[in-house]
Amino acid sequence: MNIHSAFRKGDEMTASNKVELIMKASLTLFTDRGFDATTIPMIAAQADVGTGTIYRYFDSKETLVNVLYQESAQRFMKKVKTDFQGISVREGFHHLFYCLIDFTKESEYALFFLETNKDAYFLNETSRKLLDEITQMLDVFFQRGKSEGVLRNLPSNVLMALLLGAYLKLYQLVRTGSVEITKPFLKELEQCSWDAIRTH
């Protein structure tokens with residue numbers, strides 16, 4: 001499912017701007033408030049559209065959150081897959097780390113939204129399949145690193161947690177203005193993250 005396949009018949013492509021506003025507002029509210037505490041009227045107010053406008057494009061809040069989850073997951077997976085083959089484990093980690101950075105720059109809330117809702121009850125089969133694809137892609141990378149003796153012999157989900165957990169905490173510090181992002185800072189952070197999971 002993508003944004004346009006969720007449209008009902010009769011909608012025109014000129015509505016794409018409204019859909020984009022709805023998606024951005026939904027991402028912000030679902031991340032800040034959670035799915036259950038977010039209502040369609042709240043999303044409408046944030047997006048500056050009528051409540052009925054949202055229902056023109058999405059049958060329900062569940063449809064909306066799954067379209068949003070799938071769109072975010074597809075963008076992240078496409079970004080990671082680009083230039084991820086035929087490189088060393090160290091180069092692959094560097095690529096993965098900066099994919100997290102770039103993905104967050106493109107959509108501030110998307111990574112946090114994906115991670116915090118990966119076990120959510122409202123995810124449908126399509127969303128879960130995309131999540132499985134991402135998990136498998138990363139597992140292949142971590143398994144390769146372990147088999148080559150480059151990465152610590154820990155479960156892949158633990159290695160990912162060490163990387164992503166630290167990154168998401170950093171994201172929160174940046175949002176509150178506690179940390180200023182600079183190129184030297186990111187370089188040092190990437191090295192620290194690598195040191196946390198590599199063999200010594």
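**Loop between H2 and H3.** I looked up aspartate 48 and found it in the loop between helix H2 (40-47) and helix H3 (51-57). Helices here are DSSP runs of H or I with at least four residues, strands are runs of E with at least two, and both are numbered from the N terminus. The model is predicted, so I note that local features need pLDDT of at least 70, side-chain atom pairs count only at pLDDT 80 or more, and totals for chains, interfaces and linings use all residues. Residues are numbered from 1 along each chain as its sequence is written, and side-chain values use heavy atoms, with hydrogens and water left out.

Aspartate 48 has a phi near 60 degrees, a positive value in a residue other than glycine. Most residues other than glycine have a negative phi. I find aspartate 48 exposed, at a relative accessible area of 70%. Exposed means over 50% relative accessible area, buried under 20%, and partly exposed in between, with a 1.4 Å probe and protein chains only.

**Loop between H4 and H5.** I looked up aspartate 83 next, in the loop between H4 and H5. Its phi is near 65 degrees, again positive in a residue other than glycine. Aspartate 83 is exposed because its relative accessible area is 61%.

**Annotated spans.** Residues 39-58 are 75% helix and 0% strand, with end C-alpha atoms 13 Å apart. Residues 16-76 are 80% helix and 0% strand, with end C-alpha atoms 21 Å apart.

**Whole chain.** I count nine helices and zero strands in the protein chain. Of its 200 residues, 44% are buried. The C-alpha atoms fill a box of roughly 60 × 35 × 30 Å along the principal axes.

**H5 against H7.** How do the axes of helix H5 (residues 89-106) and helix H7 (residues 125-147) cross? I find that they come within 10 Å and cross at roughly 145 degrees. Axes are lines fitted to C-alpha atoms, for helices over the stretch in contact, and angles run from 0 to 180 degrees between N-to-C directions. The contact is made by Val89, Gly92, Phe93 and Leu96 of H5 with Leu138, Phe141, Phe142, Arg144 and Gly145 of H7. Contact means heavy atoms within 4.5 Å.

I also checked the length of H7. Its 23 residues should span 33 Å at 1.5 Å a residue, and the end C-alpha atoms are 32 Å apart, which agrees. The expected span is 1.5 Å times one less than the number of residues. The buried residues of H7 pack against helix H4 (61-81), H5, H8 and helix H9 (183-197). The buried residues of H5 pack against H4, helix H6 (110-116), H7, H8 and H9.

**Methionine 160.** I placed methionine 160 in helix H8 (residues 156-175). Is methionine 160 buried or exposed? It counts as buried because its relative accessibility is 12%. Leaving aside neighbours within four places in sequence, methionine 160 is in contact with Leu138, Phe142 and Gly165. Leu138 and Phe142 are among the buried residues of H7. Methionine 160 and threonine 135 are 25 residues apart in sequence and 9.5 Å apart in space, C-alpha to C-alpha.
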